[in-house]
Amino acid sequence: MSVLLIVIAAVSVALSYKLIKVETVEVKGLVRQNHETVERILFEDNTDRSMMRLFIDKLLGRNKHIPFVEEYEIEIVSMKEIEVTVYEKSITGYVICMERNWYFDKDGLIVECTGEILEGIPYISGLEFDYVVVDEKLPVENEDIFDKLLDLTQQIEKYHIEVNHIDADDGELMIQIGNVRIELGTGEELNGKMQDLNDLLPTMEDVPGVLDMTVYDVNRKGYSFKKDN
């Protein structure tokens, strides 16, 4: 085959890819979000559906930024069909602002805003902030306690502890598991305390009260628990 024919063939393929538009999109891996949201972000306008553009972006590893997604992969199934595999970000907690629930990840970035309460995600109270914006870090006034709170949420995720509520009022951390409120103090020696809590959980009863883990009781060789009156 002559060089001219090869060039003509290459140009023809390129033009075909440019003219061909993606018509069918299958999205896999979604847990919280829906197919329509992902497709709308990936294809903001008609030029985004160009198979040639999609192929070049895939070749160069260029992906669009999606707030609630850690990463995604696109597989070209056919000339007009693609498959998108999505890996959603792990959500560690949510705050309430303007009667909406704002969910953030392990870095404190707001990844989602919804009127729904997502199961298994703890509510965070006691933080002070003036505004909330998706894809930006929660702008809390006390950065130090927020960093410790983020550390706490990572520990909770590490030990797979089911927490209903986390409070950071006055720089003191408290978590609630069922009817038991656990006081953790200012977040000092947090890793050790969470390991201790993980060891205690199998023996804990769901009795309304406060488990004080701010100080280790040397005499009792443990932490004190006080039932509610």
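A: Let's begin with the word contact, which means heavy atoms within 4.5 Å. Helices (H or I, at least four residues) and strands (E, at least two) are DSSP runs, numbered from the N terminus. This is a predicted model, in which local features need pLDDT of at least 70, side-chain atom pairs count only at pLDDT 80 or more, and totals for chains, interfaces and linings use all residues. Residues are numbered from 1 along each chain as its sequence is written, and side-chain values use heavy atoms, leaving out hydrogens and water.

Now to helix α5, which spans residues 190-200. Its residues Leu-190, Lys-193, Met-194 and Leu-197 are buried; buried means under 20% relative accessible area, exposed over 50%, and partly exposed in between (1.4 Å probe, protein chains only). These four residues cover an arc of only 95 degrees around the axis, so they are on the same side of α5. That arc is taken from the directions from the helix axis to the C-beta atoms. An α-helix has 3.6 residues a turn, so residues three or four places apart point the same way.

What do the buried residues of α5 pack against? Their partners are α4, β9 (173-177), β10 (180-185), β11 (209-217) and β12 (222-227).

Rings of Phe, Tyr and Trp (its six-membered ring) pair if their centres lie within 6.5 Å, with planes under 30 degrees apart called stacked, over 60 edge-to-face and the rest tilted. The structure holds four aromatic pairs.

Another edge-to-face pair joins Tyr-216 and Tyr-223, at 5.3 Å centre to centre and 90 degrees between the planes. Here Tyr-216 is partly exposed, at 43% relative accessibility, while Tyr-223 is buried, with a relative accessible area of 17%. Elsewhere, ring pairs link Tyr-94, Tyr-103 and Tyr-123 into a cluster.
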